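The points below proceed from aromatic contacts to charged pairs and then to strands.

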Amino acid sequence: MDDRLESAELRGLDERRRLLLSLGMLCYPFLAAAGVAQYSRGAGLVVGYLLLVAVSTCYLALVVATMRTAWRAYWWLLAVMAVLAVLVAPLARENTLILAAVIVPSAAARVGGRTASALVVLGAAACVAVPTLVPGWSTGPSWYYAVAVVFTALLVHAFSRTATANQQLREARAEVARLASEAERNRIARDLHDLLGHSLTAITVKSTLARKLAVSASPAALAELESVEQLSRQALADVRAAVSGYRDVTLAGELARGRELLRAAGVVADLPTACDVVPQERQELFGWVVREGVTNVVRHARAGRCAVELTATSVEVRDDGVGDQPRTGSGLDGLRARVTAAGGLLTAGPVQPCGWSLRVEASA
């Protein structure tokens, strides 16, 4: 419970930081508005202000699209902002370039890598060069706008890295909590079996022997012995059922076991560190797939690498081995029966250029 609360607090803190950063970047349209007030009059003044209000509205919608991971809408909004900035240019002149400090870092945050760096450099260079190329805009280069573009891009990048690190921390903590819970469940199951299983088995055996030896006893005594035997058998069955329930297969647990098993076998393990993408109702089935797939890789594949890929509707265990694994067997047949019962589809076979793939598609 404490881990979940702490994770929620971290998530809320990230959202508040994102909101503060987003609201802070709204100062740039206001700075552009100063240029509209300086260079425009009458209808041009009103139009310039309305265009900047539209830019601010698009930017706020951009923030919402980021939170909802609606990336297609994100790029459309960014394109509209760029068009609006071009329309504001005749009304605010060189002050329009401050809008590049919103548009360029927003685009760079999504593309990442060298492309992002190139975008920032080009944006800063444009802020320096454009005022010298457009008559009447400025008597010299606008270093102020170039610095604003670079500084804002660095700020957005630093925030994105922090948010990503926090997300990875939350995922790691969630996995640790799941593994700790599973370890505790297994310990309870083992202790329960050790404490009661052997005793109940002994009671059952002794009750059976006593009933056979008491053939000359009264019917009532035989009935009581039979009752004791039945009760002990039922109690033993209940204990085994409870232990089985405690030892349910979980996807997180099988990923952890698979990683250790592959490492022990000298196989490079490319396994996900989290399984939140898989709905809860499919995690047990996918856990069985990972268990069977990894076991077959270790036993048969002679592979150097094994990868597990997870989506919301599918799981695939793939290796780069000799591509010679059993198409049938008790484990694979049992897994196929589980998948079929769940309405899914199992495919297994060699892949090119080498290796073997076990893939399960769950019903939508």
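This is a predicted model: local features need pLDDT of at least 70, side-chain atom pairs count only at pLDDT 80 or more; totals for chains, interfaces and linings use all residues.

1. Arg110 and Trp71. Arg110 lies over the face of Trp71, 3.5 Å from the ring centre.

2. Arg338 and Trp288. A further arrangement of this kind involves Arg338, which lies over the face of Trp288 at 3.8 Å from the ring centre.

3. Aromatic pairs. How many aromatic pairs does the count give? It comes to three aromatic pairs. In one of them, the ring centres of Tyr74 and Trp75 are 5.8 Å apart and the planes stand at 80 degrees; since planes over 60 degrees apart count as edge-to-face, the pair is edge-to-face. Tyr74 is buried, its relative accessible area being 4%, whereas Trp75 is partly exposed at 38%. Tyr144 and Tyr145 also pair: their ring centres are 5.2 Å apart and their planes meet at 70 degrees, so this pair is edge-to-face. Tyr144 is exposed, with a relative accessible area of 51%, while Tyr145 is buried at 9% relative accessibility.

4. The aromatic cluster. Which residues do ring pairs link into a cluster? They are Trp71, Tyr74 and Trp75.

5. Val111 is found in helix H5, which spans residues 100–111. Val111 counts as partly exposed, at 38% relative accessibility.

6. Salt bridges within helix H9. The structure holds seven salt bridges. One of them joins Glu254 and Arg257, whose closest N and O atoms are 2.7 Å apart. Where do these two residues lie? Both are in helix H9 (residues 251–264), three residues apart, about one turn of the helix. Is Glu254 buried or exposed? With a relative accessibility of 4%, Glu254 counts as buried, because the cut-off for buried is under 20%. Arg257, at 38%, counts as partly exposed.

7. A salt bridge between strands. Asp270 forms a salt bridge with Arg305, and here the closest N and O atoms are 3.7 Å apart. This pair links distant parts of the chain, with Asp270 in strand S1 (residues 268–270) and Arg305 in strand S2 (residues 305–310), 35 residues apart. Asp270 is partly exposed, with a relative accessible area of 37%. Arg305 likewise counts as partly exposed, at 40% relative accessibility.

8. Asp333 forms a salt bridge with Arg336, the closest N and O atoms being 3.5 Å apart. Both residues lie in helix H11 (residues 330–341); they are three residues apart, about one turn of the helix. Asp333 is partly exposed at 36% relative accessible area, and Arg336 counts as partly exposed at 30%.

9. The bridge between Glu254 and Arg257 has already been described in point 6.

10. Strands S3 and S5. Strand S3 (residues 314–319) and strand S5 (residues 356–361) run antiparallel and are joined by six bridges. Asp319 stands opposite Trp356 in S5.

11. Strands S4 and S5. S5 also pairs with strand S4 (residues 345–350), in the antiparallel sense and over six bridges. What is the bridge partner of Leu345 in S5? The partner is Glu361. S4 and S5 form a hairpin with five residues between the strands, and in this hairpin Gly355 takes a positive phi near 110 degrees.

Definitions and conventions:
Residues are numbered from 1 along each chain as its sequence is written. Side-chain values use heavy atoms; hydrogens and water are left out. Rings of Phe, Tyr and Trp (its six-membered ring) pair if their centres lie within 6.5 Å; planes under 30 degrees apart count as stacked, over 60 as edge-to-face and the rest as tilted. Buried means under 20% relative accessible area, exposed over 50%, partly exposed in between (1.4 Å probe, protein chains only). A charge sits over a ring if NZ of Lys or CZ of Arg is within 6 Å of the ring centre and within 35 degrees of the ring normal. Helices (H or I, at least four residues) and strands (E, at least two) are DSSP runs, numbered from the N terminus. A salt bridge is a side-chain nitrogen of Lys or Arg within 4 Å of a carboxyl oxygen of Asp or Glu. Two strands pair if DSSP finds at least two bridges between them.
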